[in-house]
Amino acid sequence: MKKLFFLCVSVFTLTLFYNSASGQFEASPNAVGESFQQVFDRFGTAYPLRHVGLSSVDPPQMTRGFNTTVFQTCLAGDDFELYFERGSGFHTSDTDADFNNQTNGINPAANQQIACEVFTQLSAFIHSGIDSTHATRVRIWFRSMEDALDEDDDNLLDNEAQAINVLAFASSFYSLSLNFNDSLNNVIDGLVWQTLQTGQDPYPTFAPGLAVTPNSLCPFFHGYIAFNFFNPDFANNWFNGLNLGSNGFQFDLFSVLLHEATHCLGFNSLVKSDGTAGFGPGYECISRYDKLIRDSTDTQFIFSPDDIDCNWYDNELALDSLDLAPDVMLNCAQAPVIHAMGIPLSLYAPPDFEGGSSLSHIGRDCNTGAMPCAAGMFPFFVMDESDATGEIVRIYQPEERDILCQLGYNLDMFFGDVPTLNQCTYNDTCHTIVVGGVNDGYLNGEYTYTVLGAVVFSAPNVADSIAGILDNDFNAVGFTCLTIVQGDGILTANYDGNGIADSLSYDPSVDGLNILSYIPVGSDGSLGNLTYVFIYAMGANCTAYGCSVLSNGDFENAVQNPPQHVIADCWSRLMGPDGV
């Protein structure tokens, strides 16, 4: 979230409720069980899957009740695909009327050019797992801020954005299992992170695409960005040039956009003011970024795991409330820190905790000294908590690059370009081995891991043609932290002396959907994302079909017990309720 100067911002409850999809969208099989029927943004807003899905027509569209949004797109480098909706300020059809006439000569074409350039530079900077075919790209949704803040999508000009002193906000979407086993504060990575690391779209592994006539699948967004062109205090104060400096009275759109894009990469905390974390009851979790945060004395991490054998699950907050919100404004001595380039870097921690901002930014006034990368002679951090008119901050400082490396990214030695005033060369290599996990056992609405009767699930198991769970993971040599998320049974794995395994067996004791989870491990010990294994256990004489709501829903197999009664075998719920 990029804020205007040092204005305090309360927790956003960003809501998005669309009417039932009609016309081009049809009901389709649900996500896996009840766990994955929605995604979240970093502010805690839940989005039903159909609210973040596109049609597969050209140009791509989204139906909202009686309104249809037609998107313009941009391929930004090898990794990103940008979607600009009408009213975002980046759609070339946008006019001043789209922003309640608060702008004076909006220039969406210039804005769109900057967006494409920022993400093109990020794509060149990040060595992702996306291969040369580019069949998968990260899809970023450029939204209307009025729409993003509004619960009623048919009333987009009710002036909510005009009253908010925020330049922009952004988030990756997050998907995770409902908490069935009381495991709290597991580490979660966003779908932007997962797509970049694995080179594969996560959505088909936990939800089918929306059904579109004729029977084709449509994509989902991995993250979004919304800019505020509604607030009259700065609606006309945006500098949207690529290679010229600001006139001193404008906000640099390039700088703010790079800041928000970095939030999409996972540079953000999921901690709330009371020390809890995540997206609400049943979805408690922390971010990979949260695992890097230390207390103000630099003596301990603010989250510590209960299980010494797995530091990715069951993390507890281990600090005083003053570390979340110091009692004195700009009290740098009380601010939590992150180690960057071997030096503690103070985070933004105002006395009144700001959801979405506190801990998710670098404290500008608490970190001074030499900054070798400067854009337009402004040696600040891209991820400062504030921005001011006339500032051009288009380059990651080495400390910021180091934090991104610690988040699991493998980054280039060079960033930016001379014409855009942001070229920088870094001295330290980013040795991170990119490791990412891809969910197993469910793909495009079909269960691929099923067990019948007393059969034990094993992976790998050549005889049953069950692929190893690591086969679709990126740069994984083994896994750790194997656990049962949903269901019950006997779970075993062969761990070596370092706590790493490469095979498992599972004997489910209950029919229906069973969910396991694990963390893939790279050859250098790097940890990937929380990865799920979906196993559907069936009773004897049952067959599960991915397009069915019930297992054995056609009653092909039944017994008489006693003779005067007919009882269906394995008539259990296979999918969740119809529709995504």
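Predicted model: local features only at pLDDT ≥ 70, side-chain atom pairs only at ≥ 80, totals over all residues.
Local features were taken at pLDDT of at least 70 and side-chain atom pairs at pLDDT 80 or more, whereas totals for chains, interfaces and linings use all residues. Residues are numbered from 1 along each chain as its sequence is written, and side-chain values use heavy atoms, with hydrogens and water left out.

Five disulfides were counted, a disulfide being a pair of cysteine sulfur atoms within 2.5 Å. Among them is the link of Cys310 and Cys481, with sulfur atoms 1.9 Å apart. The link is right-handed, with 110° about the S-S bond. Cys310 lies in the loop between β19 (303-305) and β20 (315-317) and Cys481 in strand β30 (residues 478-486), so the pair ties together parts 171 residues apart in sequence. Helices (H or I, at least four residues) and strands (E, at least two) are DSSP runs numbered from the N terminus. Cys310 is buried at 5% relative accessible area, and Cys481 is buried at 9%; buried means under 20% relative accessible area, exposed over 50% and partly exposed in between (1.4 Å probe, protein chains only).

Cys373 and Cys424 are joined by a disulfide with an S to S distance of 1.8 Å. This pair links distant parts of the chain, 51 residues apart: Cys373 is in the loop between β22 (343-346) and β23 (386-387), and Cys424 is in strand β25 (residues 424-425). Cys373 is buried at 3% relative accessibility, as is Cys424 at 6%.

A disulfide is also formed by Cys405 and Cys430, whose sulfur atoms are 2.1 Å apart. Here helix α5 (residues 398-406), which holds Cys405, is linked to the loop between β25 and β26 (442-443), which holds Cys430; the two cysteines are 25 residues apart. Both Cys405 and Cys430 are buried.
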